[in-house]
Amino acid sequence: MPQNAKADRLLIDKSDRTLIAFAGNREIARYTNIRFGDAPEGHKQFEGDERTPEGDYRIDDRNAKSAYHLSLRISYPNAADRAYAKAQGRSPGGDIFIHGQPNRWPGPPLTTDWTDGCIALSNGEIEQLWDLVPDGTLITIRP
C-alpha cells in the first residue's frame with residue numbers, strides 16, 4: 001500500500017465478499033472474506049431485516065468508541081431507501097457501519113455472517129481502513 005495513501009472510493013462486492021479501496025483508479029487495499037448481516041442476499045429495505053444495503057452511499061461518520069472495534073458509518077438510508085420503507089409503512093433502519101469485531105470478543109475474527117446488516121472486518125483490517133478512508137468517501141455496494 002502506498003505510504004500516506006487516502007481512498008476516495010470503496011467498492012464492496014457482496015457475492016465475492018471483497019472490499020476494495022481506490023485512490024483515483026488505482027487499487028490501494030483489498031480485504032477478502034468480509035462478513036455481512038445474517039441475511040446477506042438482497043438489498044436492505046427495513047429495520048431488522050439483517051441485510052446489508054446495496055447501492056451508492058458515503059462514509060459519513062466514524063466512531064472510535066463503538067461496541068465494535070472502530071466503525072465507519074455508511075450513509076444508509078438514502079432518500080430512495082426512506083421513501084420505499086415509508087410506502088410500505090415500515091422503518092428503513094439505519095446505523096449501518098463497516099467495523100471490526102465485537103469489543104468483548106476474545107477469539108479470532110468471526111467467520112460466519114453475524115452482523116445486523118453491517119460489514120465486518122478483522123480488527124487489523126479496520127484499523128488500516130480507518131486510516132485510509134476520510135469522511136465523505138464514496139462507497140458502492142454491489143450484490
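Predicted model: local features only at pLDDT ≥ 70, side-chain atom pairs only at ≥ 80, totals over all residues.
Residues are numbered from 1 along each chain as its sequence is written, and side-chain values rest on heavy atoms, with hydrogens and water left out.

The protein chain contains two helices and eight strands; these are DSSP runs numbered from the N terminus, with helices (H or I) of at least four residues and strands (E) of at least two. In sequence order, the elements form the pattern β-β-β-β-β-α-β-β-α-β. The C-alpha trace spans about 50 × 35 × 30 Å along its principal axes. The radius of gyration, taken over C-alpha atoms, is compared with a globule rule of 2.2 Å times the number of residues to the power 0.38. For 143 residues, a compact globule would have a value near 15 Å, and the 14 Å of the protein chain agrees with this.

Of the 143 residues, 43% count as buried. Here, buried means under 20% relative accessible area, exposed means over 50%, and partly exposed lies in between (1.4 Å probe, protein chains only). The protein chain exposes about 7,500 Å², of which carbon and sulfur atoms supply 45%; accessible areas come from the Shrake-Rupley method with a 1.4 Å probe, and for residues only the protein chains shown count as cover. A contact is defined by heavy atoms within 4.5 Å. Among contacts between residues at least 6 apart in sequence, 58% join residues at least 24 apart.

A nonpolar core is a set of buried Ala, Val, Leu, Ile, Met, Phe, Trp, Tyr and Cys residues joined through side-chain atoms within 4.5 Å. The largest such core has 28 residues, of which Leu10, Ile12, Ile74, Ile98, Leu129 and Ile139 touch the most other members. Two or more residues each come from strands E1 (9-13), E2 (18-23), E3 (26-32), E4 (55-63), E5 (71-74), E6 (96-99) and E8 (138-142), and from helix H2 (123-132). Helix H2 gives the most, with four residues. Apart from its neighbours within four places in sequence, leucine 129 is in contact with Leu10, Leu19, Tyr31, Leu72, Ile98 and Leu121.

Threonine 18 belongs to strand E2 and is buried, with a relative accessible area of 10%. When residues up to four places away in sequence are not counted, threonine 18 touches Leu11, Ile12, Asp13, Arg30, Tyr31, Thr32 and Ile34.

Several backbone features occur in the loops. Most residues other than glycine have a negative phi, and most peptide bonds are trans. Leucine 70, in the loop between E4 and E5, has a positive phi of about 60° and counts as buried at 14% relative accessibility. Aspartate 95, in the loop between H1 and E6, also has a positive phi, of about 50°, but counts as exposed at 53% relative accessibility. A cis peptide bond, with omega about 5°, joins tyrosine 76 and proline 77; proline 77 lies in the loop between E5 and H1.

At the start of helix H1 (residues 79-87), a side-chain oxygen of asparagine 78 comes within 3.1 Å of the backbone nitrogen of alanine 80. Glycine 89, which follows H1, has a positive phi near 70°.

Methods
Polar contact = N/O pair within 3.5 Å; in protein donor to acceptor, adjacent residues only side chain to side chain.
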